Amino acid sequence: LEQVQETLQSRLKYWAKTAAESQKKTPFWKRLNNNSAAQQQKLRQSQQHRIRSSAVGIAEGLQFLHQHQIVFRDLKPDNIGFAMDGTI
């Protein structure tokens, strides 16, 4: 068994914090730069990728359990762990 580095709950809090920090108002002179729109798009794509990969990991884990006739009835963010390599 691998050691769990952190839970989905802690990752969700971290992701929300980083998203909020990126949404802070930028100075006017930076808004004139077209790169800020491209940076926002990159950030959104990165967030979507994290969410999708997490959802796929959870679904694969549940599929494995169900194939072995195991029903996990306490599914919540605090009970979903990330390994050292970032996998669920």
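These are my notebook entries on a predicted model of a protein of 88 residues.

**Ground rules.** I number residues from 1 along each chain as its sequence is written, and I work with a predicted model in which local features need pLDDT of at least 70, side-chain atom pairs count only at pLDDT 80 or more, and totals for chains, interfaces and linings use all residues. Side-chain values rest on heavy atoms, with hydrogens and water left out.

**Overall layout.** I looked up the secondary structure and found 3 helices and 2 strands, where helices (H or I, at least four residues) and strands (E, at least two) are DSSP runs numbered from the N terminus. Read from the N terminus on, the order of the elements is β-α-α-α-β. I then looked up burial, and 10% of the 88 residues count as buried; buried means under 20% relative accessible area, exposed means over 50%, and partly exposed lies in between, with a 1.4 Å probe and protein chains only. For contacts, meaning heavy atoms within 4.5 Å, I noted that residues 24 or more positions apart account for 72% of those with a separation of 6 or more.

**Helix 1.** This helix covers residues 8-22, has 15 residues, and reaches 21 Å from its first C-alpha to its last, close to the 21 Å expected at 1.5 Å a residue; the expected span is 1.5 Å times one less than the number of residues. Its buried residues are Leu8, Arg11 and Trp15. Seen down the axis of helix 1, these buried residues fall within an arc of 60°, so they line one face of the helix; the arc is that of the directions from the helix axis to the C-beta atoms. An α-helix has 3.6 residues a turn, so residues three or four places apart point the same way. Lys13 and Lys17 are exposed on the other side of helix 1.

I also looked at two further residues of this helix. Alanine 16 belongs to helix 1 and is partly exposed, at a relative accessible area of 46%; its C-alpha lies 9.8 Å from that of glutamine 47, which is 31 residues away in sequence. Serine 22, also placed in helix 1, is partly exposed with a relative accessible area of 25%. Setting aside neighbours within four places in sequence, I found serine 22 in contact with Gln40 and Leu43, and the C-alpha atoms of serine 22 and leucine 43 are 8.5 Å apart across 21 residues of sequence.

**The start of the chain.** Glutamine 3 sits in the segment before strand 1 (4-7) and is exposed, with a relative accessible area of 61%. Not counting residues up to four places away in sequence, glutamine 3 touches Phe82, Ala83 and Met84; its C-alpha is separated by 7.2 Å from that of methionine 84, 81 residues along the chain. Valine 4, in strand 1, is partly exposed at 48% relative accessible area, and, with neighbours within four places left aside, is in contact with Gly81 and Phe82.

**Glutamine 69.** I checked the loop between helix 3 and strand 2 (81-83), where glutamine 69 has its place. Its phi is near 60°, a positive value in a residue other than glycine. Most residues other than glycine have a negative phi. Glutamine 69 is exposed, with a relative accessible area of 71%.

**The largest pocket.** I looked this up last, and about 360 Å³ of space lies in the largest pocket. On a 1 Å grid over the protein atoms alone, a pocket is an open set of points where a 1.4 Å probe fits, with protein on both sides within 12 Å along at least five of seven lines, and lining residues have an atom within 4 Å of a point. Grid points are joined across faces, edges and corners, and the volume is the space filled by probe spheres set on the points. Helix 3 (residues 35-67) gives the most to the lining, with 6 residues. The lining includes Gly57, Phe64, Phe72, Asn79, Gly81 and Ile88.
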